[in-house]
Structures are given as C-alpha cells and as structure tokens.
Amino acid sequence: MAAMMTGCGVATASPHVDPPVPSEPTLINYVDPSMVQDLSTRSLNAGETTGRRVHATYPVIAGAPRLTEKLLKTVTGGLGRFTRQAVPSGALPAPEFNVDWQLAAASPEVLGVRLRIGQSMGSGWSESRTTVWYDRASRHALDSPDLLRDGAALTTLAGLVKSELALRGPLVNPNALRPDPSMFDSIGFNPRGDLVVEFDDKQVGLGVAGRVAVAVPSATATPLLSATGLRARRASVGTATLTSQEDMLAASGDKPAARSSMAGTVDCAKVKCVALTYEDGPGPETGRLLDVLGAHRARATFFALGSNASARPELLRRMRDEGHLVANHSWSHRDLTALPSAMLADQLTRAQHAIVQAIGQVPTLMRPPYGGTDEQVASVARRLGMSVVRWNVDAADQHDSDPRAIARRTVAQVKPGSIVLMRDFHHATVDAAPAILRELGAKGYTFVTVPELFGPRAMEPGRTYDSGAVSTVLDKQALS
C-alpha cells in the first residue's frame, strides 16, 4: 500500500489496454467527460455581490436524475456551511468557495463523480473531496462507503488504512482515523483497480494542507467490495495518461492563435463597435445564445471555463465556426490573485489545453475570474502569451431573473469601444440578448470580438484591457 500527499493528474481511460503499474498508486483514473453521452454541466455562481466569491460546477447526465439531486445536495450543503461561517469584511482576499469535478468512472454499469470542494475564509485554503457513485442498474445514487460490502468491511478497511498511515511519519496522524463513513466519503480506484481512499485537507494530517491518500491493493480490497463496488472497479480500470503542464503547453505549440473567422471585415475606427463577452460557459444555455447571435449576425467573445470546455467541446467548435472568438477563463474559476504562481499557471494552462483540444486554436486572451488581477497574474499571462481582458460595462445579470432589466441596464451603459460582461450560463441573460442586439443595432453599433476593437493595434500579452476606447488604451500605456 502507499500513502501520499499529492495532487491528482488528468487522465483518460481506455478499457482495451492492460494498464501499466502506476508510478503513483494513489492517482485516480479520470475519464474524459466529452466521451460520455448526454453530459452537460450546471453552475452556481454568486459572484461578489454578497462579499463572498462563489463558483461551483457539477455535471448533469441525462437519465441519472438521482445522481444530479445528490450532487446538487452535496454542493449546496457545502455552500450553506461556508455562507454561515464566512463573514465578509470588505478586505481582500474575500472569502471564497469553489467546487469543480472529475469523472472517476463511466460505464454502462456505473458512474463516479469526484467533487473537489475548496474554501477560504480570507486567508489560507482548504479542500475536501467527495466521490459520489451512481449504479445504473438500481438507479441509486450512492456514497463512497456504499462501495463496501457492509460495516465490517468498513472497519477492516479503516484498519488497513490506519496501519499504512502509521508508517508515514510525523506529517500524518493515524489516530485521527475511525471507521466512520464520513471519513471515507471519497473512494475510487487507480488504473490497476487498486482501491484508493483520499482524505480532506488536515483530516488526518497534522496541520498540513494537502491531499493524503492510501492505495489498497486490488487483491486485498476485493473481498471488501459490494456488488456496486465491483462494478465501480471494473468501470475504473484502464490506461491513465497523466498530462503535465509541460505536456499541455507542448500540445498547443504548433496550433494557430485563436482568431475570429470574420476578423478584418469591420473597421472600428470608422464605425461604432461594441464587444459582447460571455463567461463561465459553455453551459446549457450556450447553444440557444449562439442561435440568437447568429440570427442577428453578431459575433461575441466567449471566455470559457476549462472544466466546462472539456465537457462540451462541440459548443466551442460551433463558436469558432460561426465567427466568434474563444478565450480562457481559467480551469475552475478560482480567484487567481489568491494563488501562488505555480497554481495560477496550472489554472490557465489546464484551461488552455482543454480549449486547444476542442478548437485546434490557441487562445490569446484570458479573463481572470471576478476580474481579479495583479502583477503576478499579468506576468503569468504574459509568459503564456495572453492579454488580460476585463470590462467597462457589467450587465449585472448573475442575480437578475428579469431579461428586460438586464437589457435596459446594458444598453444604457454602452459606448463606442465598450467591453460588456455577461454570463452565458443564465437563462435570463440569453432571454435578454435579442433586445440588447436589437436596441444597440438601432443605435448604429456593430458587434465584434475584443481584438477587433483595436484594429491594427495588436493586443499585447500581459497587458490589461478594460475597453477598446482609444483613450483607455492610451492611458494604460502611459501608466505602464
């Protein structure tokens, strides 16, 4: 057995190849979500209006409503606890709550969804991990301990894990471990079929933040598994191809820069231009939004989340093919200003990789979640070849269910060169789109992608742009 404090790599599964012995046995075999039929995503995004930064995304798979219900209950339960504990003070960094997900397994028999729930009360960061399973045969959504045969099996597993932790030195506390189902809420399998138990930050660690995990050999774990557990292990076994940051950067090295296929058809120095931008998708409403934009012959810039891009690559390809521009909004919507440089780069690189895989082009623009940027964010963006794009018109659509109010507020703020912030995850935002396009069109505006606002003046990597107005850009150049 092995216990490690480590992060998890991204992996894709193939059941047809005998997998090698993993170099790190606690790494779990993750499935490419684009390979799962009828998978979409949903998000809870409270933005900053409450003084807390909240973003949570989870998958929705058609035909598995009880899985959706359980995932939503897990996410909202975590958010409720965070909201009660996090008291906004007005100081930065603000309290932050973030949920992202991975598929631990996907087969005709079983689905496994691993949620990574992170939070900060303004300083420090801690993560908990929960893996929810869905048995397609019984149509039941199950907690990880349900992969075990019974309570006696849980007690045996706890003893095995505790013995392993006792060998790991002073960084872990095996005495904190109990045969309590709540401590075993994230169980999965590595590519060899070994059972992997992972713990929340500081759950069995002595003041050390980080994932602690133990791998139990398949032969030892097999007698402990329930029928669902055996199906889950079969679904999890396969080849795992771990993708490092260097590999992801190399994969985009020979791809062209992302560019609207309609770029160059409008001179924004001669006509009134506005750049509509949408972030946080692609999601359930994105296809309908593309229909609306197409009907008005308008193009936009979509700042995609990497986790959503990996689930819905066909929507990104449609954006590209219909003249829009796809850009980077990080992997999981973390406040980038609160991250060390390596984690910041990973957020952008992982999203970049997902987008490149989908559209065969390399984004040259990024928008930091919550608009939060600083010298470090700019430096990493420069190194990755991306300009930082914020906005000067906020539709304030994330909490507004009235499309007329969203449209009225947006149209009233737009000036030539405006960059407009909206979110393609919200039903009301898409409902507001026809009125926004119609009313701004009547005022003589042409809808372009962000780089088109600047014409021949190329946007510079690492520079922050709030609008395409000439005066704004000149002011920024004078200050830099």
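When I say buried today, I mean under 20% relative accessible area, with exposed over 50% and partly exposed in between, using a 1.4 Å probe and protein chains only. And helices (H or I, at least four residues) and strands (E, at least two) are DSSP runs, numbered from the N terminus.

Okay, housekeeping. This is a predicted model, where local features need pLDDT of at least 70 and side-chain atom pairs count only at pLDDT 80 or more, while totals for chains, interfaces and linings use all residues. Residues are numbered from 1 along each chain as its sequence is written, and side-chain values use heavy atoms, leaving out hydrogens and water.

So, the overview. The protein has 13 helices and 19 strands. Of its 480 residues, 56% are buried. Take the contacts (heavy atoms within 4.5 Å): among those with a separation of 6 or more, 70% are between residues 24 or more positions apart.

Let's start with helix α1, residues 65–85. It has 21 residues and reaches 30 Å from its first C-alpha to its last, close to the 30 Å expected at 1.5 Å a residue; that expectation is 1.5 Å times one less than the number of residues. What are the buried residues of α1? They're Leu 67, Thr 68, Leu 71, Val 75, Gly 78, Leu 79 and Phe 82.

Helix α2, residues 151–165, is a similar story to tell. Buried here are Ala 153, Leu 154, Leu 157, Ala 158, Val 161, Glu 164 and Leu 165. They cover an arc of only 135° around the axis, which puts them on the same side of α2.

Then there's α9, residues 341–359. This helix is mostly covered, with 14 of its 19 residues buried. It's followed by Gly 360, which has a positive phi, near 70°.

On to the cores. In soluble globular proteins, nonpolar side chains tend to be buried together. By nonpolar core I mean a set of buried Ala, Val, Leu, Ile, Met, Phe, Trp, Tyr and Cys residues joined through side-chain atoms within 4.5 Å. The largest one has 39 residues, and Leu 276, Tyr 278, Phe 302 and Leu 316 touch the most other members. Which helix gives the most to this core? That's α12, residues 427–442, with eight residues. A second, separate core of 32 residues includes Trp 133, Leu 157, Val 161 and Ala 221. Back to Leu 276 for a moment: leaving aside neighbours within four places in sequence, its contacts include Ala 300, Val 420, Leu 437 and Phe 447.

Now the rings. Phe, Tyr and Trp (its six-membered ring) pair if their centres lie within 6.5 Å; planes under 30 degrees apart are stacked, over 60 edge-to-face, and the rest tilted. That gives five aromatic pairs. One of them is Trp 133 with Phe 189, edge-to-face, at 6.4 Å centre to centre and 75° between the planes. Trp 133 sits in strand β6 (residues 126–135) and Phe 189 in strand β8 (residues 187–189), so the pair ties together parts 56 residues apart in sequence. Trp 133 is buried at 0% relative accessible area, and Phe 189 is buried at 1%.

The pair of Tyr 278 and Phe 302 is stacked, because the ring centres are 5.5 Å apart and the planes are at 25°. Here Tyr 278 is in strand β11 (residues 272–279) and Phe 302 in strand β12 (residues 301–304), 24 residues apart. Both Tyr 278 and Phe 302 are buried.

There are charges over rings too, meaning NZ of Lys or CZ of Arg within 6 Å of the ring centre and within 35 degrees of the ring normal. Lys 272 lies over the face of Tyr 445, 4.5 Å from the ring centre. Arg 334 has its charged end over the ring of Trp 125, 3.4 Å from the centre.

Gly 281 and Pro 282 are joined by a cis peptide bond, with omega about 0°, and Pro 282 is in the loop between β11 and α6. Asp 38 isn't a glycine, yet has a positive phi of about 60°. Ser 330 also has a positive phi, near 80°, and is buried at 0% relative accessible area.

Methods:
The arc is that of the directions from the helix axis to the C-beta atoms.
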